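User: I'd like to learn how to read helix packing and chain contacts in a model like this one. Could you take me through it, starting with a helix pair?

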Amino acid sequence: MSNTSENPKPSSSSAKMTLKTSDNELFEVEEAVAMKFCTVKQYFEDEKDSDVAARGSTTVIPLPNVHSAVLATLISYGKKLPQSNAVADNHEEEETKKKERKKYEQGLLKNLMPGELLDLISAANYLDFKEGLEFFNQALADHIQNKSVEYVRKFFGIKNDYEPHEEEKYREEYAWAFEGVDED
Amino acid sequence: MSIIRSMITRLNTYSQLKEESKMSNSNLPPELIADILPHLPVKSLSRFKCVSKPWRTLISHPDFVKTHLHQAQFRRILLSSANSLYSIDHETDDLAAAVDLHYPRDQTQNPKPQPHAVQIIGSCNGLVCIMTQPDIFFIFNPTTHQSTRLPYASIGFGGSSAAIGYGFGYAPSIDDYKLVKAAPSPAIGVFSLRDRDWNTRSGFLYQDPENRTRPGHFYRNPIQGEKDPLPPATSLNGSLHWVFKLHSTGGKCIIGVFNLETDKRGFMQVPETAVSGFSTGVVNGSLCLMHREDGLRRGYFWVMKEYGVAASWTKILVEDPFLVAKPLCLWKNSKILIAKDKKELVLFDPKDGTCKNFEVAGIPDRFYADSYVESLVTVPVITKKKSNLESFCLCF
């Protein structure tokens, strides 16, 4: 892929990118992490085509749909993921890293409000951050898994369009699905 | 996929009419909600069909059922013992427990305990096929509690019922579930769930190419009693697989393959000759075979890494003596759960060949074992008459 006339690829640890959020905060992020946001990757690759010399250091990538608090969390999560350009670990190192990541994930989720999950999912979708989206989708699913129908309606802002008798009939027929549900 | 898109458009229009009661600043658009829901278990999704009619439409849609099936993958162990079925969550962090599982029974069934346990014919995509009494079959989804009884088979076989082999499988290209019934006679009974009826195919399930007048017979494990039912077929990749013993080459065994999509019969080589205690299963999408080494109190676990390629049989020594061991499924992505000698479950570590007893509270003394996934796949109701297709919805 590399052309002899271009600069040799810099090591990932030195290349950084700057992302600007909706509330005008600037985040300096390692290229390896930022590239996990496919929207950013696409933007960067478009820029690279137009100006080879400005690779990484001066470009500020605007993210008008993402708030700083949300981006901070997504970047933090992105850093903990196995880096695609990292040296392959031996099995033991891999297992330790996996355990560390699990611990980090649990800590992260403990401190998040359910509503924040919605913002994170929205932002991860906008940034096309696949691993982040998978993780937060699963986290939200885990959160609502045992909740009542009323809770879910409120949470997602869904209007109930069942007639009362229709709903009652459904609850009777599927009584097994309504057992052991969390109190609202 | 265009059906999903039009549904999402309907959901979208619908969302625009909704009330303002929100718990978050941003309400997720329906496409994003549709990506969260497949992560939920069947029980939650069944309950959430009650959230709204668009949610019910989305969750019931065959495309969603398929996505959910490939995503969620909550697998359970299924045991049959005496007149009971049990379900076990083998990957729970707590102690696993055998939970009584309701299964459909014929109303006219003899209330006295039957001589044989309920036979588990097989399980695919969350549907389980059982034979509660000779020739009485049910297909049911243990998670959604839907079930249907199959019509009587038009094909009957003379001779001992213990000589009849069964198999239940799914044929993806024709989106059909089939139950196969065969004996050493040149006719095979095939029930199609899509057709809701039995049909007969001519020919044997397996014919020895060296001796066409004497077809192979179903392999019967030496420790099995003559009256015990034969192990059912292993279903994989749209085909059913049975182990056959050939008359010709001094007890050589072979795997007979019946393709549910094309009705074609074929065969695959087993890894070695002159072995006993055969048992097949599917683990993590690969065909597996276990057998005992004659005379030696140990065995082998083979996995066919490339389906259909005999040279790809890969063996791992099992450092634990057994008579019959049936591979069931993966456990926490690292070990393999095995049903040993019809009386215990063990965790087999393929890295070093060791086995460890897998403790289950309330596990019955003797049992047949299988596994199933929790799925939303619906079971059509089969009435005695051929019913209208409109009243019937076979989810993919």
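User: At what angle do helix α4 (residues 53-60) of chain B and helix α5 (residues 62-72) of chain B cross?

Analyst: Bear in mind that this is a predicted model. For a helix pair, look at the axes, then at the residues that touch. Here the axes of α4(B) and α5(B) cross at roughly 60° and come within 5 Å. On the α4(B) side the touching residues are B:L58, B:I59 and B:S60, and α5(B) brings B:P62, B:F64 and B:V65. Sorted by class, that contact has five nonpolar residues, one polar and no charged.

User: OK, over to chain A. Why do α5(A) and α6(A) count as roughly antiparallel?

Analyst: The cut-off settles that: angles over 145 degrees count as roughly antiparallel. Helix α5 (residues 114-127) of chain A and helix α6 (residues 130-144) of chain A pack at about 155°, with axes 9 Å apart, and are therefore roughly antiparallel to each other. The crossing of α5(A) past α6(A) is left-handed.

User: Which residues make that contact?

Analyst: From α5(A) you get A:P114, A:L117, A:L118, A:L120, A:I121, A:A124 and A:N125. They meet A:G132, A:L133, A:F136, A:N137, A:A139, A:L140 and A:H143 of α6(A).

User: Now salt bridges. How many are there over all chains?

Analyst: Count them first, then see what each one links. The count over all chains is 16. One of them pairs the side chains of A:R171 and A:E150, at 3.1 Å from N to O. That pair links distant parts of the chain, 21 residues apart: A:R171 sits in helix α8 (residues 164-173) of chain A and A:E150 in helix α7 (residues 149-156) of chain A.

User: What about the interface itself, how much area do chain A and chain B bury?

Analyst: Chain A and chain B bury about 3500 Å² between them, with 62% of it on carbon and sulfur atoms. The contact draws on 38 residues from chain A and 34 from chain B. Within chain A, the residues that lose the most area to chain B are A:K159, A:Y162 and A:W176, together 19% of what that side buries.

Conventions: Residues numbered from 1 in each chain as written. Chains lettered and ligands numbered in written order. Predicted model: local features only at pLDDT ≥ 70, side-chain atom pairs only at ≥ 80, totals over all residues. Heavy atoms only, no water. Axes fitted to C-alpha atoms, helices over the stretch in contact; angles between N-to-C directions. Helix = DSSP H or I, 4+ residues; strand = E, 2+ residues; numbered from the N terminus. Parallel < 35°, antiparallel > 145°, perpendicular 65-115°, else oblique. Left-handed = near helix turned anticlockwise from the far one by under 90°. Contact = heavy atoms within 4.5 Å. Buried area = accessible area lost by both parts, 1.4 Å probe. Nonpolar A, V, L, I, M, F, W, Y, C, P; charged D, E, K, R; others polar. Salt bridge = Lys/Arg side-chain N within 4 Å of Asp/Glu carboxyl O.
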